[in-house]
Amino acid sequence: MGARDQVQELRELGLAATLFRARWELNTRFVLPRLERRAAAHASTGIEWAEWPHRLPFADPATLADAMRDRISEERVAELGAMADDAVRGRLRCFGRWPADFGDPIDWQLNPRTGERWNGDAYWSIALADEPRVGDVKLSWEVARFPQAYVMARAAAMRPERASVYARALLAQIHGFIDANPPERGIHWSSGQELALRSFSWIFALDTLLLRGPGGDAAARAIATAIHSGAMHIERVIDYARHAVYNNHLVSEALGLYLAGALLTQSPHAARWRSLGRSIIDEEAERQFYADGAYIQLSHNYHRPVLQLLHWACMAARIAGDRPGASWLRAADRSIEFLVQHQNPGDGRLPNYGPNDGSLPSILSTCDQSDYRPTLQAAAVLARGERLYPPGPWDEEVAWLAGPSALDLPLRPPTRRSVSFAMTGFHVLRANDERSFVTLRCGSISDRFGQIDMLHVDVWWRGLEVLADGGSYLYNGPPEWHEHFMRTGSHNTVTIDGHDQMLHYRKFKLVYRTKAKLLEFASGRVAGEHYGYQRHDRACVHGRAVLLASDDLVVVVDHVPRTTRHRVRLHWLCGEFAHRARDGCASLVLETPQGPYGISVFDDEARLRDGSVVAGQESPPRGWRSLYYGEKVPVPSLVAVDEGDAPLTFVSVMGSGTIALTKDGDVFTARCESTVARFRIRDGLIAPEGDVAS
């Protein structure tokens, strides 16, 4: 990485942000640790916290449980209870998926995967220096976010005979955490967002569980003192989020201030926190939620938790006697349309676009972590006063956040269709069956971004994700895995000469933001091109056209109008299915619950290309998917490569059953089990030839 790359980073970051970052690093790494003794134990505020629990906003647990009883199956209630029983003993389900044992009592400094521990005495600004030894900090932050607080409180509502057990265990864990993590010390003070999210879980559990039994008053005092200390810290560090991580981090921290100010009115800082927190949320709701409904991080995973945070902000406004911000409700409203149009109706999932760390601030549903229906149902109630989905387990989140009466609001099911969100570059094609659709990423990157995936395609067939995004796996794990999941080669797109479309410059920094152009969006078709490789060759452009010929047949044409020699690699990552492949050929068949699904790659003369298919390759990594943070599973990866100095075309055909492609003159005929489609290719675009026969 040379001077040119450094100049590009400065250009994209801007002078003001660059100077701020330099001052911040100097202060937090060198100056503040030397002055750490002056960081007094500001937990001892001397304030009596007698009144604040009366302002807590959540629904009565018994009433809510009665309202949800017919919507959550006995099996799901039993699973929730089993999770709560495990959490009593320090065994958590991390990121909604995999179990980890943090010990009993919980070891708050433990990385459960490596067995290594953080230094709990280290000053907060240098506490993460041990990451090369300990491993990904998010694996230790997970338990300190207290997802178990939601699990235990909700399980107590559904199984009141176990409420006292859960309350005693959770009280012990909260007091244990506070004792083991004094203000300004250790990794659990190194992120303002973590402080805020922890306070939300404690507030929920205090209102819905702890205050209803012995020890509740003591818990209220301890939690108020901890929230107060956290808010003081957040106020001191929030400028870092405003300049460096102005996304979900900033909204979380601003909400932490706003909610602390709304609840802890006896604090001399409360009015200032309310004002600062609300003003930031007002600004960020306009800035971070784009006009077409997409989110600033271009990640569905991060879009969802910020919608949850907006609902929390509306609760904080009610507590404070304020009105919810108009910008908050507008952001939620346009987000609903955007996310619903990408949604698989059968299981509530969306394509795994963008960075995915499994983030979900409030665990308020028995639905799978990947199901967006709970949060979208709550968002629709918040912004529109109506429900999107019929009664089901996804109603629990909105019942907790808006009250059980929300379950009686009018039902207006969404209509999913082909739609282009051209501003941010998300495009969806649907045919007749809502469960069969194609998504394409094609739009210029305008903000800090987390994956290098321009022109990536996802394909869903009969409710199954047959072509998929790989996910993120670990942000702070072994570099080869972080880079694999972030970089272009793992996505369903084209790589040229082994380069990425953007430069992975630092762990979370990409430079040379990709520019792209939408060329066509018509009935059953979408096409675009990007210029991410032009920093290496000014004439190098990758174009992609997609034809959704029917619910069962998809054609993708990749075109590189090269004039000099390039090595072009096309990659398709599949869903988690058994597969059959022919050695040496760019072709495979997935064995799915809906029947066989074929994927084959041809050249511009309809000849099957040479290629390879692997799954679960370790070195170099290939053929992996991480739908849940910290978990990766082997999936089929199909690669076709061509090298030369003439224009190059890949024609990928995918669909039900057996796949075939023939060519007569300049007319291609693609076939699958149920559909025949005829088309021409003109300058990389697909021109359908007559009607599609089914």
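**Reading the fold**

Modeller: First, a caution: this is a predicted model. Now burial. Of the chain's 694 residues, 62% count as buried.

Biologist: What secondary structure does the chain have?

Modeller: There are 17 helices and 27 strands.

Biologist: How does the radius of gyration of the chain compare with that of a compact globule?

Modeller: Start from chain length. For 694 residues, a compact globule would come near 26 Å. The chain has 26 Å, so the two agree. Along the principal axes, the C-alpha atoms fill a box of roughly 85 × 60 × 45 Å.

Biologist: Which share of the contacts joins residues at least 24 apart?

Modeller: Take contacts between residues at least 6 apart in sequence. Of these, 68% join residues at least 24 apart.

Biologist: What about the surface and the charges?

Modeller: The accessible surface is about 25600 Å². Carbon and sulfur atoms account for 50% of that. As for charge, there are 79 positive and 85 negative side chains. The centres of the two sets lie 3 Å apart.

Biologist: Is Cys585 buried or exposed?

Modeller: The cut-off for buried is under 20% relative accessible area. Cys585 has 15% relative accessibility, so Cys585 counts as buried. Cys314 has 0%, so Cys314 counts as buried too.

Key. Residues numbered from 1 in each chain as written. Predicted model: local features only at pLDDT ≥ 70, side-chain atom pairs only at ≥ 80, totals over all residues. Heavy atoms only, no water. Helix = DSSP H or I, 4+ residues; strand = E, 2+ residues; numbered from the N terminus. Rg over C-alpha atoms; globule rule 2.2 N^0.38 Å. Buried < 20%, exposed > 50% of the residue type's maximum accessible area, 1.4 Å probe, protein only. Contact = heavy atoms within 4.5 Å. Areas by Shrake-Rupley, 256 points an atom, 1.4 Å probe, with all protein chains shown as cover. Lys, Arg positive; Asp, Glu negative; His and termini not counted. Charge placed at Lys NZ, Arg CZ, Asp CG, Glu CD.
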